[in-house]
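Work through the following exercises with the sequence and the model at hand, and try each task before reading its solution.

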Amino acid sequence: MSLHSPLGWAAVHPGDFEAVLALRIRALRPDLECLGRFSPERARQRLAADFVPQHARHVLWDGERVGYLNLRPEGEDAL
């Protein structure tokens, strides 16, 4: 019996900012355009304000990046 799953995870590194930004824009753009609120500059600023690679993981499907996940700890040691 094979337990292979196409779903996987990979670490996010500081140099992955542009790749994560592209995923974020691709995911949020249609809804934000419908609301008349899409701005690539704003998307960049918002991600830059919250981008902590050690708290993020790429979501992989068959080895391809399809999303990302932020998991931030709570409390004094959060950063």
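**Exercise 1. Which residue of β2 is the bridge partner of Trp9, and how do the strands of the sheet pair?**

Step 1. The bridge partner of Trp9 in β2 is Val59, and Val59 also stands opposite Gly67 in β3. The model is a predicted one, in which local features need pLDDT of at least 70, side-chain atom pairs count only at pLDDT 80 or more, and totals for chains, interfaces and linings use all residues. Residues are numbered from 1 along each chain as its sequence is written, and side-chain values use heavy atoms, with hydrogens and water left out.

Step 2. Strands here are DSSP runs of E with at least two residues, helices are runs of H or I with at least four, and both are numbered from the N terminus; two strands pair if DSSP finds at least two bridges between them. Strand β1 (residues 7–11) pairs with β2 in the antiparallel sense over five bridges, and β2 pairs with β3 (residues 64–70), again in the antiparallel sense, over six bridges.

Step 3. Together these strands form an open sheet of three strands in the order β1-β2-β3, with antiparallel pairing. The edge strands are β1 and β3, each of which pairs on one side only, and the twist from one strand to the next averages 35°.

**Exercise 2. Describe the hairpin of β2 and β3, with attention to the phi of Asp62.**

Step 1. The hairpin has two residues between its strands, and Trp61 has Glu64 of β3 as its bridge partner.

Step 2. Asp62 lies in the loop between β2 and β3 and has a positive phi of about 55° although it is not a glycine. Most residues other than glycine have a negative phi.

Step 3. With a relative accessible area of 57%, Asp62 is exposed (exposed means over 50%, buried under 20% and partly exposed in between, for a 1.4 Å probe and protein chains only).

**Exercise 3. At what angle do α1 and α2 pack, and how far apart are their axes?**

Step 1. Helix α1 (residues 17–34) and α2 pack at an angle of about 125°, with their axes 10 Å apart; axes are lines fitted to C-alpha atoms, for helices over the stretch in contact, and angles run from 0 to 180 degrees between N-to-C directions.

Step 2. The two helices, α1 and α2, are therefore oblique to each other, because angles under 35 degrees count as roughly parallel, over 145 as roughly antiparallel, 65 to 115 as roughly perpendicular and the rest as oblique.

Step 3. The contact, which means heavy atoms within 4.5 Å, is made by Phe17, Glu18, Val20, Leu21, Arg24 and Ile25 of α1 and by Ala43, Arg44, Arg46, Leu47 and Ala48 of α2.

Step 4. Ala48, placed in helix α2, counts as partly exposed at 48% relative accessibility, and its C-alpha atom is separated by 8.1 Å from that of Phe17, 31 residues apart along the chain.

**Exercise 4. Where is Val52 found, and is Val52 buried or exposed?**

Step 1. Val52 is found in the loop between α2 (40–50) and β2 (56–61).

Step 2. At 16% relative accessibility, Val52 counts as buried.

Step 3. The C-alpha atoms of Val52 and Val12 are separated by 8.8 Å, although the two residues are 40 apart along the chain.
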